[in-house]
Amino acid sequence: MSDSSRLLRLTYVSTSRSLSAAELDRVVADLRARSAAAGLTGALFYNGLNFLETLEGDATGVERAFAQLLPAPYHDGAKTIERYLIDRRHFSGWSFVSRQDQAGLLNDAQSSLPEHLEKLYRSFFKLSGGRP
């Protein structure tokens, strides 16, 4: 299998600009639509200060989506945390979620996530003192 046909998982963190609940809902809806159209899966978490997002899919699609996300007006300072070729998706049943959905989603997914990602997501919420 060539690298271009392999699955890629990319996780990044960025700093959010101040968003209203309606603006955050629009961000989530846009990410869901773009990801579905590109055949990507993943998760988006928001702690009130930062976004933490994981994208999974074919390597070309993930890289293209990430490049398109970088100039998005709702965030800046995106830093890649991980970029791995993978054999299977870990987020195939996940969608890009809103803040109110995060707690249940993370709790339901613990057993299917790689341990390092589960710890990363849980730690992410501590940055703002929030709880998933």
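Rings of Phe, Tyr and Trp (for Trp, its six-membered ring) count as a pair if their centres lie within 6.5 Å; planes under 30 degrees apart are called stacked, over 60 edge-to-face, and the rest tilted. With that settled, here is the structure.

This is a predicted model, in which local features need pLDDT of at least 70 and side-chain atom pairs count only at pLDDT 80 or more, while totals for chains, interfaces and linings use all residues. Residues are numbered from 1 along each chain as its sequence is written, and side-chain values use heavy atoms, with hydrogens and water left out.

I will start with the rings. The structure holds 3 aromatic pairs. In one of them, the ring centres of tyrosine 46 and phenylalanine 51 are 4.8 Å apart and the planes are at 35°, so this pair is tilted. Phenylalanine 51 also pairs with tyrosine 74: here the centres are 5.3 Å apart and the planes at 75°, so the pair is edge-to-face. Because phenylalanine 51 lies in strand 3 and tyrosine 74 in the loop between helix 2 and strand 4 (75-86), this pair ties together parts that are 23 residues apart in sequence. Helices here (H or I, at least four residues) and strands (E, at least two) are DSSP runs, numbered from the N terminus. Tyr46, Phe51 and Tyr74 form one aromatic cluster.

Tyrosine 46 has 11% relative accessibility, so it counts as buried. Phenylalanine 51, at 1%, is buried, and so is tyrosine 74, at 9%.

Next, the core. A nonpolar core is a set of buried Ala, Val, Leu, Ile, Met, Phe, Trp, Tyr and Cys residues joined through side-chain atoms within 4.5 Å. The largest one has 20 residues, and Phe51 and Tyr74 touch the most other members. Two or more residues each come from strand 1 (7-16), helix 1 (21-38), strand 2 (41-46), strand 3 (50-58) and helix 2 (59-69). Helix 2 gives the largest share of this core, 5 residues. Apart from this core lies another, of 8 residues, including Phe45, Leu52, Leu113 and Tyr121.

Now strand 3, where 8 of the 9 residues are buried. Strands pair if DSSP finds at least two bridges between them. Strand 3 pairs with strand 1 in the antiparallel sense over 9 bridges, and leucine 7 stands opposite aspartate 58. Strand 2 runs antiparallel to strand 3 as well, joined by 6 bridges; glycine 42 has leucine 55 as its bridge partner there. The hairpin of strand 2 and strand 3 has 3 residues between the strands, and glycine 48 in this hairpin takes a positive phi near 95°.

Last, which residues does glycine 57 touch? Contact means heavy atoms within 4.5 Å. Leaving out residues up to four places away in sequence, glycine 57 touches Arg6, Leu7, Leu8, Gly39, Leu40, Val62 and Arg89. Glycine 57 and leucine 8 are 49 residues apart in sequence and 5.6 Å apart in space, C-alpha to C-alpha. Glycine 57 is found in strand 3 and is buried, with a relative accessible area of 0%.

Definitions and conventions:
Buried < 20%, exposed > 50% of the residue type's maximum accessible area, 1.4 Å probe, protein only.
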